[in-house]
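Let's take a friendly walk through this structure together. Have the sequence and the 3D view ready, and we will go step by step.

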Amino acid sequence: MKAILTLIAVIFFGTLAMAQDASKEVKIETTTVGVELDITIQEETKKEIKVARLYKFKNSRIKKELSFRTKRNKSKLA
């Protein structure tokens, strides 16, 4: 019962507070200023070219060395 009365009181006072027209709108004068954009694009040429190599064959030396497995990597059955 206390919770219902409190809720009704909060809603009642909230609507009364919103219904009051105490503040009036104040108009503000705005000023406009022209803006000029100067955009310069600088193009830089890259002189260093890095090459990534892909190996066609499965048995290539680098692929083998990068994908090595040890005996401890194997899964064990419990």
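Helices here are DSSP runs of H or I with at least four residues, and they are numbered from the N terminus. Keep in mind that this is a predicted model. With that in hand, you can count two helices and zero strands in the protein.

Start with helix α1, which covers residues 2-19.

The structure holds one aromatic pair. Its partners are Phe12 and Phe13, whose rings sit edge-to-face, 5.5 Å centre to centre and with 70° between the planes. Phe12 has 47% relative accessibility and therefore counts as partly exposed. Phe13 reaches 55%, so Phe13 counts as exposed, because the cut-off for exposed is over 50%.

Now move on to the loop between α1 and α2 (61-66), where you will find Ile39. Ile39 is exposed, with a relative accessible area of 71%. Ile39 also belongs to a nonpolar patch on the surface, which it forms with Val35, Leu37 and Ile41. Together these residues have about 540 Å² of accessible area.

Finally, step back to the whole protein. Buried residues make up 1% of its 78 residues. The accessible surface comes to about 10000 Å², and 59% of that belongs to carbon and sulfur atoms.

How values were computed. Residues numbered from 1 in each chain as written. Predicted model: local features only at pLDDT ≥ 70, side-chain atom pairs only at ≥ 80, totals over all residues. Heavy atoms only, no water. Phe/Tyr/Trp six-rings, centres within 6.5 Å; stacked < 30°, edge-to-face > 60°. Buried < 20%, exposed > 50% of the residue type's maximum accessible area, 1.4 Å probe, protein only. Expected span 1.5 Å × (residues − 1). Patch = residues over 30% accessible without salt bridge, like charges linked within 9 Å, V, L, I, M, F, W, Y side chains within 5 Å. Areas by Shrake-Rupley, 256 points an atom, 1.4 Å probe, with all protein chains shown as cover. Salt bridge = Lys/Arg side-chain N within 4 Å of Asp/Glu carboxyl O.
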